[in-house]
Amino acid sequence: MSVYKETIPVQSHGNTPTYVNITPEVRRIIEESGIQNGICTVISPHTTCSVFFEEFVHDVNDAGDEFLQEDLNQVLEKIIPAHRSKDQYCYPGEAHYQAVESWPDAEAYLPGGDRTALFNGDAHLRSTLLGSSETFEVDNGGLGVGTTGYVYFVDFDRTRQRTRKCKIIVIGE
């Protein structure tokens with residue numbers, strides 16, 4: 001049995017959830033692995049990001065989000081509203097603020113000491129609900145999904161743009 005691992009960078013833009021179609025990278029990594037039959041697991045190591053499997057949608061809104069992503073945003077907003085005020089969610093609490101303020105790179109998380117920069121409780125809850133990974137079949141050296149099945153990485157954290165990591169592990173023979 002062989003194991004092949006690769007980490008790809010994913011750029012989030014902040015302000016709104018960032019959806020990235022990573023299907024081409026997943027297909028490339030499976031091919032480069034040389035594994036013909038097994039599994040491929042796609043993982044987000046970030047607590048505000050998710051990996052999910054959905055149909056590719058050709059229609060997009062003005063922001064560039066596919067219609068299913070726009071629908072998902074609307075549904076999640078009803079279940080887990082955007083974090084806009086200090087009293088809306090328990091998180092982050094005073095102990096968390098103090099811990100972040102003690103970090104050497106605190107300015108990156110709290111620019112100018114602005115505690116509202118940590119208002120991302122909704123992003124944590126949304127990613128918990130959707131999950132941080134997906135596992136797929138590797139079938140005859142390819143991604144074992146139908147024609148319209150695509151793999152997406154989403155960063156629900158709207159507080160700032162940043163580069164995220166997505167880990168892809170292929171296991172099999």
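Reader: Hello! Which strands does helix 1 lie across, and how does helix 1 run relative to strand 7?

Author: Helix 1 (residues 23-33) lies across strand 2 and strand 7, and its direction makes an angle of about 115° with strand 7. Please keep in mind that this is a predicted model.

Reader: What makes strand 2 and strand 7 a pair?

Author: Two strands pair if at least two bridges are found between them. Strand 2 and strand 7 (residues 149-155) have four bridges, in the antiparallel sense, so they count as a pair. One of the residues to look at is Tyr19, whose bridge partner in strand 7 is Val154. As a general point, strands of a sheet pair through backbone hydrogen bonds.

Reader: What is the order of the strands in the open sheet? And which strands are called edge strands?

Author: The open sheet has three strands in the order 2-7-4, with antiparallel pairing. Strand 2 (18-21) and strand 4 (49-55) are the edge strands, as each pairs on one side only. On average, neighbouring strands of this sheet are turned by 30° against each other, direction ignored.

Reader: Why is Gln69 called buried?

Author: Buried means under 20% relative accessible area. Gln69 has 5%, so it is buried. This residue lies in helix 2, and, leaving aside neighbours within four places in sequence, it is in contact with Tyr19 and Tyr152.

Reader: What kind of surface patch does Val75 form, and with which residues?

Author: Val75, Ile79 and Leu129 form a nonpolar patch with about 280 Å² of accessible area together.

Reader: Which residues of helix 5 are buried, and what covers them?

Author: In helix 5 (residues 121-130), the buried residues are Gly121, Asp122, Ala123, His124, Arg126 and Ser127. Their cover includes strand 4 and helix 2. After helix 5 comes Gly131, with a positive phi near 100°.

Reader: How do you know that Asn15 is exposed?

Author: Exposed means over 50% relative accessible area. Asn15 has 64%, so it counts as exposed. You will find Asn15 in the loop between strand 1 (2-12) and strand 2. Its phi is positive, about 70°, although it is not a glycine.

Reader: And why does Asn140 count as exposed?

Author: The cut-off is over 50% here too. At 61% relative accessibility, Asn140 lies above it and therefore counts as exposed. Asn140 sits in the loop between strand 5 (133-139) and strand 6 (142-143), and its phi is positive, near 50°.

Reader: Where is the cis peptide bond?

Author: Tyr91 and Pro92 are joined by it, with omega at about -10°. Pro92 is in the loop between helix 2 and helix 3 (94-102).

Reader: How many helices and strands does the chain have, and what part of the chain is buried?

Author: There are five helices and eight strands. Of the 173 residues, 42% count as buried.

Note on methods: Residues are numbered from 1 along each chain as its sequence is written. This is a predicted model: local features need pLDDT of at least 70, side-chain atom pairs count only at pLDDT 80 or more; totals for chains, interfaces and linings use all residues. Side-chain values use heavy atoms; hydrogens and water are left out. Patches are made of residues with over 30% relative accessible area and no salt bridge: like charges are joined within 9 Å, nonpolar side chains (Val, Leu, Ile, Met, Phe, Trp, Tyr) within 5 Å. Accessible areas come from the Shrake-Rupley method with a 1.4 Å probe; for residues, only the protein chains shown count as cover. A salt bridge is a side-chain nitrogen of Lys or Arg within 4 Å of a carboxyl oxygen of Asp or Glu. Helices (H or I, at least four residues) and strands (E, at least two) are DSSP runs, numbered from the N terminus. Axes are lines fitted to C-alpha atoms, for helices over the stretch in contact, and angles run from 0 to 180 degrees between N-to-C directions. Contact means heavy atoms within 4.5 Å. Buried means under 20% relative accessible area, exposed over 50%, partly exposed in between (1.4 Å probe, protein chains only).
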